[in-house]
Amino acid sequence: MSIDNPNGVQPDYSGLRIPYHVGIVMDGNGRWAQQRGQPRVFGHRAGTDNIRRVLEASINAGIKVLTIYAFSTENWNRPPAEVRALMQLLSRTIRDQLQELHKNGVRIRHSGSLIGISDTLKRQIAEALELTRNNDTITLNVAFNYGGRAEIIDAVQRIIADGLPPEAVTEDMFSHYLYTQELPDPDLIIRTGGEYRLSNFLIWQAAYAEYYATPTYWPDFDETELRYALVAYTERDRRFGKVKVP
Ligand code: IPE
Ligand code: IPE
Ligand code: MG
């Protein structure tokens, strides 16, 4: 994939520790639009376009799983017109970009609930997952209609429905009941838009993820910004509760 890069300069990732799985809370679309005197939906459009740029940058960097937070269960509480626009954006993106994503070896996954989503969009999501299921350049895991607490409750309900005995419930098997199923836990969580919170994103899976926040609004987050996050990640000392061996 070629990056839309006017200077033709590719960031240098040598010497950096590349996380296997990166999660991004793509925040700040509304404020980005407001800054330009435009309606919030204008920011969502720009934000959606930006996914492609960051996906390409992630492939260049060697990231293998990219989970993007696109719509939270709490986002249903936004004005109906904005919710409709966000649904339409996902639908249009699948319609317009699925073939190219597939050609570029992107495996698409969905993490979230299908409840409340239109039949058309459900069909499109199913088609995207099915078409790309054997691709292995990168996994683009779209957290759409996703909430970490809902995900955990959903898992508990299915475990009970499956009739599993208490002693069968382990951390490992529980992880497989989550929407993320076999995906490894995220190593790095990036949040754009300047807030320091998870907003119900991957609350189980991010137990030991490194966290990186930037004030940059999502539509402006580019390959250089991604590289900054990777530099910060490289400098972190992940201890997982252990004592560092000298
Ligand atoms: C993130 O941008 C996109 C979604 C939550 C869907 P916001 O819409 O939250 O933008 P801000 O935070 O209001 O600027
Ligand atoms: C988190 O952003 C959800 C997504 C990016 C999809 P929000 O804008 O909804 O989060 P809060 O409301 O600031 O916590
Ligand atoms: Mg926000």
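Predicted model: local features only at pLDDT ≥ 70, side-chain atom pairs only at ≥ 80, totals over all residues.

**Pockets**

I began with the second largest pocket, which holds about 310 Å³ of space. I noted what a pocket is here: on a 1 Å grid over the protein atoms alone, it is an open set of points where a 1.4 Å probe fits, with protein on both sides within 12 Å along at least five of seven lines, and its lining residues have an atom within 4 Å of a point. A volume is the space filled by probe spheres set on the points, which are joined across faces, edges and corners.

Residues are numbered from 1 along each chain as its sequence is written, chains are lettered from A and ligands numbered from 1 in the order in which they are written, and side-chain values use heavy atoms, with hydrogens and water left out.

The lining of the second largest pocket has 18 residues, and Glu171, Ser175, Asp185, Trp204 and Gln205 lie nearest its centre. I sorted this lining into eight nonpolar, four polar and six charged residues, where Ala, Val, Leu, Ile, Met, Phe, Trp, Tyr, Cys and Pro count as nonpolar, Asp, Glu, Lys and Arg as charged, and the others, Gly among them, as polar.

I then turned to the largest pocket, with a volume of about 840 Å³. Its lining has 44 residues, of which Met26, Tyr69, Ala70, Phe71 and Leu86 lie nearest the centre. Among the elements that give two or more residues to this lining are α2, α3 and α4 (119-132); helices are DSSP runs of H or I with at least four residues, strands are runs of E with at least two, and both are numbered from the N terminus. By class, the lining of the largest pocket has 22 nonpolar, twelve polar and ten charged residues.

**Helix pairs**

How do α2 and α3 pack? Helix α2 (residues 40-61) and helix α3 (residues 80-103) have axes 10 Å apart, at an angle of about 30 degrees; axes are lines fitted to C-alpha atoms, for helices over the stretch in contact, and angles run from 0 to 180 degrees between N-to-C directions. The two helices, α2 and α3, are therefore roughly parallel, since angles under 35 degrees count as roughly parallel, over 145 as roughly antiparallel, 65 to 115 as roughly perpendicular and the rest as oblique.

For α3 and α4, I found that the axes come within 10 Å and cross at roughly 20 degrees, so α3 and α4 are also roughly parallel to each other. Their contact (heavy atoms within 4.5 Å) includes Met87 and Leu90 of α3 and Leu121 and Gln124 of α4, and by class it has eight nonpolar, five polar and two charged residues.

Last, I looked at α2 with helix α7 (residues 223-235), whose axes come within 9 Å and cross at roughly 45 degrees; α2 and α7 are therefore oblique to each other. Here Ala57, Ser58, Asn60 and Ala61 in α2 meet Glu223, Leu226 and Leu230 in α7.
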